[in-house]
Structures are given as C-alpha cells and as structure tokens.
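Let's walk through this structure together, one region at a time.

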Amino acid sequence: MESAFERRPWLVPLVLALLTVIFLRPALLPPDGEVLAGNDLRSFVYPLYTYTSELVRSGELPLWNPRTFIGVPLIGNPQAALFYPATWLIWLLGADRSIGLVLALHIWLAAWGMARLARSFGATHSASLAAGIIYAMSEWAGARFYAGHFTLLLVFAWIPWAISAYHHALKTGTWRSALPGAAVIGLSLLAGHPPLSFYMALCLLALLGYHTVMAEDSLKALWQGAQLLVFMGIIGLILGAALLLPVLEFTRLSVRESTDLNFINSFALPPAQFLGLALPGLFGNPTQSPVHYWGADFYEEFAAYAGLLPLLALPLAFRNFRRQHAYFVGLVAFGLVMSIGLEGALLPVLVRWLPGFSFFRSPGRALFFVVLGLSGLSSLLITHLQQSAPESRRALLQPVLKWWLPASIGLAFAGSVFFSGWYASASHVEPMPTRAFVVAGALALSGVVLCGLWAALWLWTRGENTSLRWALPVLLTVLTLDAWRVPLQLITTIPGWRDALWQGAVVNVPTGADARVIEIPNDSPYNGSFASGHLHVLGYDPLMLATFDKLQNISDPHDPVGTANTLMGVKYALAKKPYDRPNFELIGIADGGIYYRRTDPFPRAWIANNVIVEPNDDAVRQLIAQDVESLRFTAIIDHPVDCSYAGRATSQITGYHANIVTVETTGAGGVLVLSDQYYPGWEAQVDGQSTEIVRAFTAFRAVCAPPGDHTITFAYRPLSLLIGAALSGLGWLLMGIVGVVAWQQKRTQPNILP
C-alpha cells in the first residue's frame, strides 16, 4: 500500500474524493424531496441563495435586498459571496440541489489541501492522506455542517492551500512563487467568511515565525519572508476587493451585538469541556434523542474531536521531536489557549491590539488551530513509522503499547461499567440516568477504538513482512472510522427548509411595494421572505445597519402596531395563533398560519407638506416616539433642501425592483419620503435629471418632488462595488496573463529577492 501511493501520488486526491463521496452521501445523494440539514442552512443560506438565484434568472444584478430590514446591501453581505465561482454554480442549479454539491467539493479540496501541506513538511503520500482525512472529515468540520456554516466551510477548504503555497514561496524565495498563495487568499476573501480568513492570516504569520526561527540567518529569513507575505497579502486583497470593499462599507455602518471582553468570553470553551477533545459524546450529541447535547451552549463552537491517534501524536512528537513538529505544535498550543478565552490570557491581548478582532466573538472556534496542528502531527508520526528502523519504532511505541494505551483502555471500560451501573440502579428521574447511559456508551466506544489503535500500532513493532504490510492499512482504517464516528451522526437531511407560515403567506398575502409584513411572534431566526417575495421588517443576519437598528428599537420590534413598525408601513401580519387587534382584519388561514391586514397602514411613500430639519438622530427618534400618527404628511430630514412644499400632493410607487424603485408624483410638490433604507450608493433622478437624496427619519430616503407630474427613480449604483470589481477584475486578468506566460516560457532563472 505504501509503495502504491509513493509511486502514484495522484492516488491521494482520488482516494480522498472517494472517501468524500462516502462521508457526504447525504449531501451528494439526499432522498427525494430532502435537502442537507443545518441550522443556518435552513434559516439563512437556502433563503439567501434562493433569492440571489431568482434575481440573476430574472435578469437583475443581485446588489440590494429589499426583503428584510427595509433593505440591506447584498453586495455588502459577505455570506452572499456574489463573486465566488461556486456561487455561480448555485445560481445555475438552484440552492436546493447545489448547496450540498458545493460543500462536498470543498471538503474534498480541504482534505487534498491538507495532504499537500503535510507533504510540504516532509510527510509521505500515504501519511498525507491521513492528514487530509483528519482535517476535513473529523468532528470540527462535521459540527459546521450541523450548524450550517456554509461560507466558513468554503474558506476552511482554502486555508491549508494558502499555508502550503506560502511554505513553497519561502523555500523558493521568488516573487513569482508567491502568486499562487495570493490567488488562494483572493479566493478565500471572495468566499465570504472574514473571521476564518483572519485565521488564515494567523496561520501564515505563524509560518513566517517558524521559518524565521528555523533559518540559519534569522534576520534575513524574516525580512525575505515578510516581503513575500506582504506581497501575497496585497495581491490577495486586490483579488478579493470586489467583495472586500462593499463589506467594509457595510460593516462600518452596521451594529453587532456587544463586543466587550465579557460578552466575547461567553463564547469561550469551558476548560472542563477539553475532555470532549478526547472523549466525543461525553456531553451528548445534539442530533440524538432523548437527551441530545447538555454541555455549554453552542455545541458547534466546542466540537473538535480529531481522533485518538492525533491526540497520541502530540506527546509522541515530544519523544521524537524534529523541527517539522514545531509549527504544528505551536498551532495546537495557540488554539488551546485561545479557545478558553479570558482564562488563557491571550484573548484580551488580541482584542486590545488587533483592530477588528473583537468582531470575531467566538474564542471556542480557535479549536480549528488544534485540529489543523493535530492533522499535521499525525502525518509526521505515520511518516516516522514508515521511514524509521524497527528498533526506532519499538523504542518510540514501547511506552504507548505497554502503559499509555492499556491504562486508557482500562479506564474507558471501567468508566463505562460504572456509568452503566449508575443507569441500571438509578430511579430514572430524568435526565441524569439517561445521560449516564450515554456517557457509558461514549466511554465504551472509545475503549473499542483504543483497542483497535493498540493493534494497529502493535503491527508496526513486528519485524515480519506480513505484519508490516498490514500496519498502514489497519492504522488508516482505524483513523478514518475514528474521525468519522461523530460527524456521520451530524450530517443529515431534512424534508425541506421552507417554513409553513411563509408558504401560506405566498397564497394569502399579496406581494408588492406596499406589502410590508411582520411575523408574530418571530420565535426563530428565519428569512422566509427571501423566497416568498414579501418585504419583511424583521429577519436574521449577523450584521444590521445601525440607523435601522436604532429606529426599530424605538418600540417593540415584534409588535405590528409599534411606533417603528407603523412608521415603516407594516401592512400585513403573519401569525401562528389568533391576533385580535381592532385595526387588523383577517384575510386568510392556512395550515401554517393565520394572516391579517392592517386597515390603517402608513403609506410606503408620501409627499410631506410639513418638513422638519433636525440633524440630531436622537432628537428625531424622540419626535417619532412622541406621536407617530401625526407624521403621516411630515418629513423629518437631516439637512435643509431647496424644495417647495405648499399645498397637497400625491405619490404612487409604480415600479419596485431590487435595485430600482420608481415613484410617480403629482400635485403641489414637496419632500417625497420613501420608507426604504438610506444607504450610500443610492442615486435619484427626477424625470431623468439627478437630484440629491436626503436622509429622513434617520433611516429613510427622501428627495425633493417639484410641483406637477413627475417620475422619480431611485437606483442603487454603489461606488464601492465599481471600484472593488474593477480592482478584482484587473487583478485576476493580470494573474491569468502571468500564469499563461510563465507556463509558456517555463522560466528557469528565478528573480531572487534582494
């Protein structure tokens, strides 16, 4: 088996592809009518990509989303990943069919990339196969499927490729050798998960540190390595600018939940749950009834079981320490310290000294570095077993086979017997007895895996050819089944992602410019309006524009007749139980819900004949809260405009699309208010002539409507997108030209750094 991989390296990606198909059968071949499960997949990803697909197929650019929060920029939402090639496949095939395919492709890329990274540190081809399995197919990745972290998995796939590319550039020392790494950075930025892209940057910085310490001339190595990294980073930022610039603009104007240290630390790994790194299932499994998962909140952030062999590889690395181990050991140490938050002391330092780090509020997610480091250490351990003499293998494994594993097996089975006895003798007052039984099962299964691992390692200590011939296949089999035993339970399918309440709304509630709706109660994060076509004032997104958030919180955001929702023109209510209010009438009942129409809604667009200029947003919100009903023909704007507003005038929305809104006005004129989100990039024209958009009620758009009959058009043409797309397009074009020229000329004289 070893010789087959060494003679035919192409077998590694091929075998990893086959294993990916087996591992992700639910994603690739779901039952008829079912889709890949995942919390965020159902509530956010499927609706978002269904909507962007709808826009593209209708001939519109997916730039703006009016179906949530009175409008948000699609181009500013990193999770829309509009410029990432895999997103175009989703637009072509539809979200339901292609989300699973895209994730399977990236799991394979992640596994292959990790294999390449292991090879760059001296691992054999067969050992690199093991690294790929551990990295891409163990609990950390499986938990992301359970959580539905779609774009995170996309970036996850590119991280080992980036490290491997930079490692190659450090060895080669040429500008040209840094271009593949720059391309990978660009792709990861376009994939749309900034926190994990930041983790990629930390991995690259750690590799620079490793390269510097290991070099004979450390200062020279640091200078050259830093030049290459900066070059890679700048080119990568240019390649990813099409997404990066709109995202930075959106983030600057947005609000996120508290980012103080104590709040961030609430997502840290409780030190007691480090036991889960060695005993998966010790705190239950979120997909298994009746007890599910009972550990600290957010299972997906604390799940990182890589396998028992990877855990064993860490102490064995110190018994036979080589320079290649240092990088991976450093990653493991960093991940463990970071994951426990304030108790590790590293978190407050990074929050205070790295701008923007406080936005990455999940310290427990740093267990990613642990999995990456253990994957590399496992490949180096297997490589050592393959290449060392029998005496060296026996010396290395002697304490493992004689003491470590037998003691662990004994403890595992003894613990299983103890908790089984507790279950058998308990009074069965739930949930403790059943939890004890689950723990007993987890310990027993770990004991079985330990026995298999002992047998696999024992084969390496035999001198007979027959034993050695079976050593690698048995070890890889145990390693694979051990890595898979948790994620195979987490990666499942569901009958569908569309909520019955919103499916009923498609039949019972009209869509259109004046059909602004609210779901009551909004008891679960779900963006059903993305697929139904309704304009929902609520929704689910990690980022929300600060102006809208403050306006919405003048009153209860979930109250259909609250001050803010009244001003925003909420006309329909989607309920799961009767909603008895005098100014709401029943319009429909379906299996999923009950639907009401407000009899006295605010208009979605109106021409004000009473204008108040107030630049202070807090003062404006106070005026709104005092008496919203008195504002039906009023505009509160942030700065004066030269506009005549004497007399009566009317307005009507005659065209409402994602990126263009058309309003017809007539009468004496005044300030036209449209209760859609004010945001940079929106432009307005009156009869084809440009006019200024002012901010009304802190968050709405408003323009001066002259007397008479006029057509006023609002169009979204963001400068951040134009600049970002131009930079990215030019960057990728030049990268392609350089690649073609390099391939044709096959340059042999490298441009060595000074």
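**A guided walk**

Helices here are DSSP runs of H or I with at least four residues, strands are runs of E with at least two, and both are numbered from the N terminus. Before going further, note that this is a predicted model, in which local features need pLDDT of at least 70 and side-chain atom pairs count only at pLDDT 80 or more, while totals for chains, interfaces and linings use all residues. Residues are numbered from 1 along each chain as its sequence is written, and side-chain values use heavy atoms, with hydrogens and water left out.

Back at valine 474, the relative accessibility is 25%, so this residue counts as partly exposed. The scale calls a residue buried under 20% relative accessible area, exposed over 50% and partly exposed in between, using a 1.4 Å probe and protein chains only. Leaving aside neighbours within four places in sequence, valine 474 is in contact (heavy atoms within 4.5 Å) with Ala456 and Leu459. Valine 474 and alanine 456 are 18 residues apart in sequence, and their C-alpha atoms are 5.6 Å apart in space.

Next, turn to helix α17 (residues 323–339). Its expected span is 1.5 Å times one less than its number of residues; with 17 residues that should give 24 Å, and the end C-alpha atoms are 25 Å apart, which agrees. Among the buried residues of α17 are His325, Tyr327, Phe328 and Met338. The cover over the buried residues of this helix includes α6 (95–120), α9 (150–172), α11 (194–214), α16 (308–319), α18 (346–353) and α19 (367–387). After α17 comes glycine 341, with a positive phi near 70°.

Now for the cysteines. How many disulfides are there? Taking a disulfide as a pair of cysteine sulfur atoms within 2.5 Å, the count comes to one. The bond joins cysteine 643 to cysteine 704, with S to S at 2.2 Å, and the link is right-handed, with 90° about the S-S bond. Cysteine 643 sits in the loop between β14 (634–637) and β15 (649–656), and cysteine 704 in strand β21 (residues 700–705), so the pair ties together parts that are 61 residues apart in sequence. Both cysteine 643 and cysteine 704 are buried. Elsewhere, cysteine 203 counts as buried because its relative accessibility is 0%, whereas cysteine 451 is partly exposed at 33%.

On a 1 Å grid over the protein atoms alone, a cavity is a set of points where a 1.4 Å probe fits but cannot get out; a pocket is an open set with protein on both sides within 12 Å along at least five of seven lines, and lining residues have an atom within 4 Å of a point. Grid points are joined across faces, edges and corners, and a volume is the space filled by probe spheres set on the points.

The whole structure has one cavity of 30 Å³ or more. The largest cavity has a volume of about 70 Å³, and its lining includes Phe44, Leu48, Phe250 and Asp541. At least two lining residues each come from α4 (39–57) and β3 (72–73).

The second largest pocket has a volume of about 470 Å³. Of its 31 lining residues, the closest to the centre are Pro280, Gly281, Leu282, Gly284 and Asn285. The elements giving two or more residues to this lining are α15 (299–302) and α21 (432–461), and α21 gives the most, with six.
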